Structure formats: structure tokens, C-alpha cells
Amino acid sequence: MIQTHQKSHIVIVDDHPIFCLGMSELINREPDLTVVACPNTAGKARQIIEQDMPDLMIVDVSLAESNGIDLVAELRGKCPDLPILVLSMYDDSMYAERALMAGARGYVMKQRAIAQVVEAVRQVLSGHIYASDKIKEKLLSRMISRKPSAVGFSLDTLTNRELEVFRLMGEGLDSKEIAERLKLSMKTVGTHRENIKEKLQLKHYTELVKAAVHWVYEMKK
């Protein structure tokens, strides 16, 4: 891609306006970086790319109308040269592995200091892959042992959306709240819930909730 501007143009895809505003202000303080757009949906992100390709896109894992990792995979197929950095609330190898396998060039937590986020942006813009030492250690451990977690079950068979539903269950949200958060119907959430229960070979809904709560607890350690 031929550079026609001195500053690297960055697009942030996130449905939390306050976070986008704060992140934009911090990135824009850098003399060679500028945030040119903050779309809050995958659809708006697609439109921006069709109009003017940025130098880097930052994508949140949790988007209301779609899953961030699915968006990464889609963009990777359409724009293989577009560097993508994934943001997440969780320092967890499961999300990091999925993001990197989908085509992201980096994975960083939202809670990291801005200096680390800027470092991640620069690393990815330079063609390198960025992940914290903790994530790298977890990913290496997963590759060696092929045990995705220490909670006694495998989440590898879950789709990205099912994993998101599972996470929200673990955070204490009921089906109605999950439907509102992800902008899905109650029926769709129920279908996801049943699919998760079947894939994890759990017999009862209470077992599913316990498993979700345990997993979220382990992720936050």
C-alpha cells in the first residue's frame, strides 16, 4: 500500500463511545499517528474500508451486532494487507489464539497503559506481531499441552458468538440481558445456550452456568 500521508491513519471499531473518545485523544497525541474514524459496528467499518483504506484497524472483541474476531477473519480475507490489532477486556489465551488465527497481528488488553497500546500499534504497523508476555506464555503452554484451560473442559468447539454468550453467562447476565447486550433475539440466545450445553456435554442449565462462572473466574486470575 502506497503511503500518501505522513501520519499513520487508524480506525477504531468499538461500540463504547467513551472508550473510543479517550483512546482517540491519547493516540492523537502521538506525532505520527491519527485516528480517522471510530465506527461502532462491523457494517460501518466495512463502509470506511471501501471508501479509504486505513493503515491499521483496532477491533474490539465484543461488538454488539457481530463478533470482533469474526470481523477480523472477514477483513483478513478481503484486505490481507490491512494490519489489525484486537482489543479485549480479558488477558486470556483463548481469545488471543482465536484473534491471531483469524488474522490479527496483535492482541492487547483494554486496561493496559496507553504506552503499551501505542507500543502495540507501532509494533503491528512495523509488521510485527504483538502480545503480552503473559499471553505468549499461555499460548505456548496451550500449543504444548493442547489443554485450552484449567477448568476441566474444552471451549475449542464453540463458535466465537457462542463463546461470547458463554462469557456473559459467566458474568451473571440472564438470557434477556444477553439478548439486549448482543442485540439478539431471546430465541437466538436460547439456541446458542443449548448448543453450548451440548458441545460441553453438560446435562443441565445449572451445570452450564456453573461452568461459565468458573471459566470467567479463571480468566480474571
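Which residues are exposed on the other side of helix 3? They are G77 and K78. Keep in mind that this is a predicted model.

- Helix 3 covers residues 68-78, and its buried residues are G68, I69, L71, V72 and L75.
- Looking down the helix axis, you'd find these buried residues within an arc of 155°, so they line one face of helix 3.
- An α-helix has 3.6 residues a turn, so residues three or four places apart point the same way.
- Over on the other side of helix 3 sit the exposed G77 and K78.

**What helix 3 packs against**

**Where helix 3 starts**
- At the start of helix 3, N67 has a side-chain oxygen that comes within 2.9 Å of the backbone nitrogen of I69.
- I69 is also one of the buried residues of helix 3.

**Two loop residues with positive phi**
- K183 isn't a glycine, yet its phi is positive, at about 55°.
- You'll find K183 in the loop between helix 8 (175-182) and helix 9 (186-199), and it is exposed, with a relative accessible area of 55%.
- Q201 isn't a glycine either, and its phi is positive at about 60°.
- Q201 lies in the loop that runs between helix 9 and helix 10 (205-219), and it is exposed, with a relative accessible area of 72%.

Key. Residues are numbered from 1 along each chain as its sequence is written. This is a predicted model: local features need pLDDT of at least 70, side-chain atom pairs count only at pLDDT 80 or more; totals for chains, interfaces and linings use all residues. Side-chain values use heavy atoms; hydrogens and water are left out. Buried means under 20% relative accessible area, exposed over 50%, partly exposed in between (1.4 Å probe, protein chains only). Helices (H or I, at least four residues) and strands (E, at least two) are DSSP runs, numbered from the N terminus. The arc is that of the directions from the helix axis to the C-beta atoms. A polar contact is a pair of N or O atoms within 3.5 Å; within protein, one must be able to donate a hydrogen and the other to accept it, and residues adjacent in sequence count only if both atoms are side-chain atoms.
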